[in-house]
Amino acid sequence: GLMILTTQGEIILEDDAHTLLATYDTVVQARHRNFASGFETFFSLADGRTTKSASESYPNSTIQAPHLYHGELPAFLKNKPIADGIWISKSADYFLWSYHQKTDDTYALNLCISDYSKIIHEIVLLHDMPKMIPQPYFQIGRQLFVLAYNKCEILSYLV
């Protein structure tokens, strides 16, 4: 979902139906959670209203979200027990791969940090989830933020 707040904490926009795609100087770009691609909507940061596009704004790449990976998996990931898709993002010289793993009747969210040829570190970000989550994390610089499955806690990791 989306929530736009003023610096004083006043809610400008609260919308559970959209997923954040990008932030700009004056708008945020979002997509309805029921669509995998297309149908982008731009919300004004000033008043929360929808606008035509971000053409008068400049990208602000402070907040990033991983992208669903559609290519062939590197050899070091081919034997991983990936349930559904895998997401990818970049942090400095490293690639961040996240995926769900089914364990009995629950799911775990895993993160692998790699260079071009091998996994450098692996961690389970969330475990014992009854369902997969639609977005694994968001990233600000080298820091990852994961919303816990119960949505009552935000976990933070420095990459």
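Modeller: Let's start at Phe76: setting aside neighbours within four places in sequence, Phe76 is in contact with Trp97, Ser114, Asp115, Tyr116, Ser117, Lys118 and Ile119 (contact means heavy atoms within 4.5 Å). Bear in mind that this is a predicted model, where local features need pLDDT of at least 70, side-chain atom pairs count only at pLDDT 80 or more, and totals for chains, interfaces and linings use all residues. Numbering runs from 1 along each chain as its sequence is written, and side-chain values use heavy atoms, with hydrogens and water left out.

Phe76 belongs to the loop between β8 and β9; strands here are DSSP runs of E with at least two residues, helices are runs of H or I with at least four, and both are numbered from the N terminus. The Phe76 side is buried, at 18% relative accessible area (buried is under 20%, exposed over 50%, partly exposed in between, with a 1.4 Å probe and protein chains only). From Phe76 to Ser114 it's 38 residues along the sequence, and 9.0 Å in space from C-alpha to C-alpha.

Now the rings. Phe76 is linked with Tyr69 and Trp97 into a cluster by ring pairs. Rings of Phe, Tyr and Trp (its six-membered ring) pair if their centres lie within 6.5 Å; planes under 30 degrees apart are stacked, over 60 edge-to-face, and the rest tilted. Searching the whole structure turns up four aromatic pairs. In one of them, Tyr69 and Trp97 have ring centres 5.0 Å apart and planes at 80°, so that pair is edge-to-face. Tyr69 is in the loop between β8 (67-68) and β9 (83-91) while Trp97 is in strand β10 (residues 94-103), so the pair ties together parts 28 residues apart in sequence. Tyr69 is partly exposed at 27% relative accessible area, whereas Trp97 is buried at 4%.

Another pair is Phe95 with Tyr116: centres 5.0 Å apart, planes at 75°, so edge-to-face. Phe95 sits in strand β10 and Tyr116 in the loop between β11 (106-114) and β12 (119-129), so parts 21 residues apart in sequence get tied together. Phe95 counts as buried at 15% relative accessibility, but Tyr116 is exposed at 69%.

Beyond neighbours within four places in sequence, Ser91 is in contact with Leu96, Gln139, Gly141, Arg142 and Val159. Ser91 and Thr26, by contrast, are 65 residues apart in sequence and 25 Å apart in space, C-alpha to C-alpha.

As for the rest of the chain, the protein has zero helices and 15 strands. A compact globule of 159 residues would have a radius of gyration near 15 Å, and the 17 Å of this protein agrees with that; the radius is taken over C-alpha atoms, and the globule rule is 2.2 Å times the number of residues to the power 0.38. The C-alpha trace spans about 45 × 35 × 30 Å along its principal axes. Of the 159 residues, 37% count as buried. Among contacts between residues at least 6 apart in sequence, 30% join residues at least 24 apart.
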